[in-house]
Amino acid sequence: MIRKTLIVVGAGPAGLIAAITAADAGYEVTIFESMTKPARKLGISGKGRGNVTNTAPYDQFLAHFNNRGRFLKTAFKKFFNTDLVAFLAKEGLQTKEERGGRVFTASDRATDIVDCLHKAVLRRGISLKLGTPVRDLLIKDGICQGVTTGTYKFYANAVILATGGLSYPATGSTGDGLKFAKNLGHSIVKPLPSLCGLKPSEALPPYLEGVNPRNIGVQLYVDGKKVAEEFGEMLFQDGYLAGPVMITLSRLAVPALDKGQKCHVLIDLKPALDHQKLDNRLLRDIAEKKDGRFIDIVGGLLPSGLRQYCIKSLRLNTTCKADQAKAEDRKKLRMWLKELRFDVVGHASWNQAIVTAGGISTKEIDPTTMESKLIKNLYFAGEIMDIDADTGGFNLQAAFSTGYLAATAITTK
């Protein structure tokens, strides 16, 4: 009987699902992982709760990716959100659906996904070599034959490179796989942090830290042109504009900043009210609280930290009575509430970025198999490729789907 072997480089979600899939098909699988524990990044996903996928239907799911997910069509058809949920359930992990179609672990612990996959690997007798970084790939006559750790050489029928991108480098995403691919002639789309906080031009005051405005609208402008808008919640965190809305907009803001373009955001803190309705609201509040201070009306419209920021930004008179406020003061407040502007001059570092935008060009990868078009028997899976999506479970699903597809292509070759 011919021995069928596979080497997987990287024990993240893409690598683990690939190894499991190949082992189930009868392959002898070895996983090499530079860290001493598998799937470190997966263990902190979804703010530690494990947002593994999203229930959005196929077409909508694809639309959340760069290039509208064209490269991922086959991968998602082979292994999609329902398949992942069913697989995890079979392996003993229950999930639950929440707002926006996000699917989390039922326990709210991302580490439970790691444990589930780790046990699945061990049950199948897969060799998991932790703390063993791969130093290079073994290539002969344009064919990948295995890997070297620097000390030893390991051969296999095929190799799957699933080493991730550059985000959260402390979890093992150091870009080694990108270097291997580049050395073999693959084009690398410049990696950039994505799904990260945006840095405003002004230093944010300490009292804004942790303020979490909800049900707001935010518009992103690049070189004076509106390019996107989102509705939801944000967070002032560590001097950055963060939270779901800002993190989503960062997918467009970061590349624009990298090109030297000017960016700013306009925050609508009262999107349910147009300018006229908001002005009527202010007039009504003034009439009802005419003996109170004008700044107390501000207090009824905003959470405490943001209230203080508003008063200082507009330099409002703290002793002025409500009914003594001038029309100009009312207009300034209305405009501030509807069009709070922050010029964006930077973004959070790789240490805080959820995913990597950029990576190995998908033009040089067969989308039906994940095999390199340049090197035979070399396959890619997960974040190492130029695929990135919005927050909400989409990126992890892409990792699982591409890992599954690569393993399936190898075992059915």
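1. The N-terminal end of helix α8 is capped by D274, in this predicted model. A side-chain oxygen of D274 lies 3.2 Å from the backbone nitrogen of Q276. D274 itself belongs to the loop between β17 (263-268) and α8. With a relative accessible area of 41%, D274 is partly exposed, because that class falls between the limits of under 20% for buried and over 50% for exposed. D274 and R334 are separated by 60 residues in sequence, and their C-alpha atoms are 9.9 Å apart in space.

2. The helix that follows this cap can be checked for length. Helix α8 covers residues 275-288, and its 14 residues should span 20 Å at 1.5 Å a residue. Its end C-alpha atoms are 20 Å apart, which agrees with that expectation.

3. Which residues of α8 are buried? They are L278, D279, L282, D285 and I286. Seen down the axis of α8, these buried residues fall within an arc of 120°, so they line one face of the helix. An α-helix has 3.6 residues a turn, so residues three or four places apart point the same way.

4. On the face turned away from the buried side, α8 carries the exposed residues K277, A287 and E288.

5. Helix α1 (residues 13-24) should be examined next. It has 12 residues and reaches 17 Å from its first C-alpha to its last, close to the 16 Å expected at 1.5 Å a residue. Helix α1 is mostly covered, as 11 of its 12 residues are buried. Among the buried residues are P13, G15, L16, I17, I20 and T21. What covers the buried residues of α1 includes the strands β1 (5-9), β2 (28-33) and β10 (158-161). The cover also includes the helices α4 (81-90), α5 (111-123) and α12 (394-411). Just after α1, G26 takes a positive phi of about 95°.

6. Helix α5, one of the elements covering α1, has 13 residues. From its first C-alpha to its last, α5 reaches 18 Å, close to the 18 Å expected at 1.5 Å a residue. Its buried residues are D112, I113, V114, C116, L117, A120 and V121. Just after α5, G125 takes a positive phi of about 75°.

7. Leaving aside neighbours within four places in sequence, C116 is in contact with L88, E91 and L93. C116 and A409 are 293 residues apart in sequence, and 24 Å separates their C-alpha atoms.

8. T369 is found in the loop between β19 (355-360) and β20 (378-380). At 18% relative accessibility, T369 counts as buried. The side chain of T369 reaches the backbone nitrogen of E371 at 3.1 Å. Not counting residues up to four places away in sequence, T369 touches Y379, L405, A406 and A409.

9. How much space lies in it? The value is about 370 Å³. Of the 19 residues that line this pocket, the closest to its centre are N66, R251, L252, P255 and D388. The elements β11 (188-194), β14 (225-232) and α7 (243-258) each supply at least two residues of the lining. The largest share, six residues, comes from α7.

10. The protein chain as a whole may be summarised last. Its secondary structure comes to 12 helices and 20 strands. Along its principal axes, the C-alpha trace spans about 90 × 45 × 35 Å. Buried residues make up 54% of the 413 residues in the chain. Among the contacts with a separation of 6 or more, 73% are between residues 24 or more positions apart.

Terms used: Residues are numbered from 1 along each chain as its sequence is written. This is a predicted model: local features need pLDDT of at least 70, side-chain atom pairs count only at pLDDT 80 or more; totals for chains, interfaces and linings use all residues. Side-chain values use heavy atoms; hydrogens and water are left out. Helices (H or I, at least four residues) and strands (E, at least two) are DSSP runs, numbered from the N terminus. The expected span of a helix is 1.5 Å times one less than its number of residues. Buried means under 20% relative accessible area, exposed over 50%, partly exposed in between (1.4 Å probe, protein chains only). Contact means heavy atoms within 4.5 Å. A polar contact is a pair of N or O atoms within 3.5 Å; within protein, one must be able to donate a hydrogen and the other to accept it, and residues adjacent in sequence count only if both atoms are side-chain atoms. The arc is that of the directions from the helix axis to the C-beta atoms. On a 1 Å grid over the protein atoms alone, a cavity is a set of points where a 1.4 Å probe fits but cannot get out, and a pocket is an open set with protein on both sides within 12 Å along at least five of seven lines; lining residues have an atom within 4 Å of a point. Grid points are joined across faces, edges and corners, and a volume is the space filled by probe spheres set on the points.
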